[in-house]
Amino acid sequence: MPDSLEKPAAPQICIACEGTVFEPAGNYRGYNLYHCLRCGFRFTHPIPGAAEIAAVYEKYNKAGKYTAKAERKVVRAQKRIRRYMRHAPGKRFLDVGCSVGTAVEAARRCGLEAYGIDIGDQSIAIAREIFPGGHYHAVAIESLPPEWGNFDFIYSAEVIEHLPDPHAYFTALSPRINAGGLLYLTTPDAGHWLVPKDFAKWNAVYPPEHLLFFTRDAMRHFLGRHGFDVIKFVWSPFKHHLKLLARKR
């Protein structure tokens, strides 16, 4: 539940497109949701405080779940990375939010110089144990080691929807990808035909873990503000995933 029961002020500006006209999009367990009428972006408002979000991740332990099916995830990621790596200008790969390292291992098997970061110490410890060929660090993107240099291919799967401040995330990420570099990003698709009319009943809506819900239009606006042009969206007809490739200007 939110920390305060006081009625919050209405949102003022869309963080994706800078629109200023909103309508309520429902309420999930006390968290208010809003809808930007310009780009379709939906979001939790107000964003929960840092302590409230931290409390969620103190109990967040999905590393064991991912480890159990790690090899299958490596094989799937390997097919995906091999399909897209030809669009990258070089071989330096970074997975931001790498969990137990399956995409890092997949990139390594594809011949890339593979790095991964995650805020979970346990996840990084497991990654180093089961996939020791990669380079790992338990940090947020804002603390990415400078000695790691810049990258040609950045992979960010199911991360952005968790972020209380996605602009801070991309402000840190954008300088670490080379000009012409490739971004592969996935997140729940708020514009997908499978999303119910009662938005708060969508199974991807569960703040304070998932906070932000992008449409294609919202994502184009948002990434454009950070120097990325969307190359293509990968259509998922029966899964409400927004998957895209973008190029750094």
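1. Two strands count as paired here if DSSP finds at least two bridges between them. That cut-off matters for the hairpins below. The model is predicted. β2 and β3 form one hairpin, with five residues between the two strands. In its turn, Gly40 has a positive phi of about 90°.

2. The sheet comes next. It is open and has four strands, in the order β1-β2-β3-β9. The pairing is antiparallel. β1 (22-28) and β9 (212-213) stand at the edges. Each of these two has a single partner strand, so one side of each is left without a neighbour in the sheet.

3. How many bridges join β1 and β2? There are six, and the two strands pair in the antiparallel sense. β2 covers residues 31-36. Gly26 stands opposite Leu33 of β2, and Asn27 stands opposite Asn32 of β2. β1 and β2 also form a hairpin, with two residues between the strands. Arg29 in that hairpin takes a positive phi near 50°.

4. On to the pairing of β2 with β3. Three bridges join β2 to β3 (residues 42-44), and the strands run antiparallel. Thr44 in β3 is the bridge partner of Leu33. Leu33 also stands opposite Gly26. Is β2 enclosed or open to the outside? Five of its six residues are buried, so β2 is largely enclosed by the rest of the structure.

5. The largest nonpolar core has 42 residues. Those with the most contacts inside this core are Phe41, Leu94, Ile141, Phe170, Phe214 and Leu223. Phe214 deserves a look. Leaving aside neighbours within four places in sequence, Phe214 is in contact with Ala16, Phe41, Ile160, Pro188, Asp189, Ala190, Gly191, Met219, Phe222 and Leu242. A second core is separate and has 24 residues. Val104, Ala107, Ala114 and Leu245 are among them. In soluble globular proteins, nonpolar side chains tend to be buried together.

6. Helix α4 (residues 102-109) is mostly covered. Six of its eight residues are buried. They are Thr102, Ala103, Val104, Glu105, Ala106 and Ala107. Two others, Val104 and Ala107, are in the second core. What covers the buried residues of α4? The cover includes α3 (70-84), β4 (92-96), β5 (113-117), β6 (135-137) and β7 (151-157). Just after α4, Gly111 takes a positive phi of about 90°.

7. Trp193, Leu194, Trp235 and Phe238 make a nonpolar patch of about 520 Å². Trp235 is found in the loop between β10 (228-234) and β11 (241-248). Its relative accessibility is 49%.

8. Last, Glu129. This residue is found in helix α5 (residues 121-130). Is Glu129 buried or exposed? Its relative accessibility is 65%, so Glu129 counts as exposed. Glu129 and Val100 are 29 residues apart along the chain. Their C-alpha atoms are separated by 9.2 Å.

How values were computed: Residues are numbered from 1 along each chain as its sequence is written. This is a predicted model: local features need pLDDT of at least 70, side-chain atom pairs count only at pLDDT 80 or more; totals for chains, interfaces and linings use all residues. Side-chain values use heavy atoms; hydrogens and water are left out. A nonpolar core is a set of buried Ala, Val, Leu, Ile, Met, Phe, Trp, Tyr and Cys residues joined through side-chain atoms within 4.5 Å. Buried means under 20% relative accessible area, exposed over 50%, partly exposed in between (1.4 Å probe, protein chains only). Contact means heavy atoms within 4.5 Å. Patches are made of residues with over 30% relative accessible area and no salt bridge: like charges are joined within 9 Å, nonpolar side chains (Val, Leu, Ile, Met, Phe, Trp, Tyr) within 5 Å. Accessible areas come from the Shrake-Rupley method with a 1.4 Å probe; for residues, only the protein chains shown count as cover. A salt bridge is a side-chain nitrogen of Lys or Arg within 4 Å of a carboxyl oxygen of Asp or Glu.
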